[in-house]
Amino acid sequence: MSRTKQGQRRAAGAAPGAVAAQDAAVLAELRPGQSIELLQELHILTREGRLNQDSRRKLKQVYHLYQFIEPLLAEVSQGGHVPLLADHGAGKSYLGFILYDLFFKQLGRGEIYGIEWRAELVQRSRELAAQLGFERMRFFDMSVADAAAAAQLPERFDIVTALHACDTATDDAIAFGLQKQARAMVLVPCCQAEVAACLRQSKALALSRTPLAELWRHPIHTRELGSQITNVLRCLHLEASGYQVTVTELVGWEHSLKNELILARWTGTKKRSAAERLGAILEEFGLRHSLSARFGLTT
């Protein structure tokens, strides 16, 4: 800490011992070697080095996700391999910057590609990467759906992430990962609306056909069931495509309501039973015509 900052704090009435205790408490929540400048630029830490409750929530989510991604990165980096990671719906690139700071920087090789459709966020991320000397970070202004055909991106990626990519952007990230032959995908879905919209359209017919339609007769149930079905279909799609899938919580529900983490690892074993059950679920809920192509099935 600079003498200027120490003086400012003491002038504000903070005793040296209290300041030291506050600094120690903050540092205890950070990972060893974590860049303080990065966390300040991401507004996770204040200029005075403080953490508010919202900052703790963000940091907890990113660190917890890092715990799942770091072993995958270590695995794909063996034998001198150069790991490539695509982060879809990157936003302000909290995840990408933390991954680079904690893993890629020390590794000395590999690249992170941040995909984000909002040009102003992409430009800001480029500027921050240059400021911090994070030379192997790339940022592109495009949608997740357009990324698979983008000539600027590599033909293959090792890991694909999508943290809170809204609605069908998570499905686009899965399609991207399949096309790029990703060895792993780490997905935290958000705001799934497509299946719910399809359920609403066929609600009257479904109510006359099956008592199961009571599960989505009320609007709030339609929304929640649509979200649940969407993630189940995604998992089956991944299993049918050769991935082993694990579903768990990202963090405690008190930190985020969009909390489901889908972790998929390539095994090469495409489960026929997963494809069959995927088709059966689409058929049961009257979704086959609308959504078969999205989940890799023919109508």
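Which helix holds the place of Tyr-94? I located Tyr-94 in helix H5 (residues 94-107). Helices here are DSSP runs of H or I with at least four residues, strands are runs of E with at least two, and both are numbered from the N terminus.

**Basis of the entries**

I worked from a predicted model, in which local features need pLDDT of at least 70 and side-chain atom pairs count only at pLDDT 80 or more, while totals for chains, interfaces and linings use all residues. Residues are numbered from 1 along each chain as its sequence is written, and side-chain values use heavy atoms, with hydrogens and water left out.

**Tyr-94**

I looked up the accessibility of Tyr-94 and found 17% relative accessibility, so Tyr-94 counts as buried. The cut-offs are under 20% relative accessible area for buried, over 50% for exposed and partly exposed in between (1.4 Å probe, protein chains only). Leaving out residues up to four places away in sequence, I noted that Tyr-94 touches Leu-42, Ile-44, Lys-58 and Val-62; contact means heavy atoms within 4.5 Å. I also noted a C-alpha separation of 9.6 Å between Tyr-94 and Leu-38, which lie 56 residues apart along the chain.

**H11 with H12**

I next examined helix H11 (residues 219-240) and helix H12 (residues 272-284), whose axes come within 8 Å and cross at roughly 150°. H11 is therefore roughly antiparallel to H12. Axes are lines fitted to C-alpha atoms, for helices over the stretch in contact, and angles run from 0 to 180 degrees between N-to-C directions. Angles under 35 degrees count as roughly parallel, over 145 as roughly antiparallel, 65 to 115 as roughly perpendicular and the rest as oblique.

I listed the residues that meet: Ile-229, Val-232, Leu-233, Leu-236, His-237, Glu-239 and Ala-240 from H11, with Ala-274, Ala-275, Arg-277, Leu-278, Ile-281 and Leu-282 from H12. Sorted by class, this contact has 10 nonpolar, 1 polar and 2 charged residues. Ala, Val, Leu, Ile, Met, Phe, Trp, Tyr, Cys and Pro count as nonpolar, Asp, Glu, Lys and Arg as charged, and the others, Gly among them, as polar.

**H8 with H11**

I then turned to helix H8 (residues 169-179), which packs with H11 at an angle of about 5°, the axes being 11 Å apart. H8 and H11 are therefore roughly parallel to each other. Thr-170, Asp-171, Ile-174 and Leu-178 of H8 meet Arg-234, His-237 and Leu-238 of H11.

**Whole protein**

I recorded 13 helices and 7 strands. Of the 299 residues, 48% count as buried.
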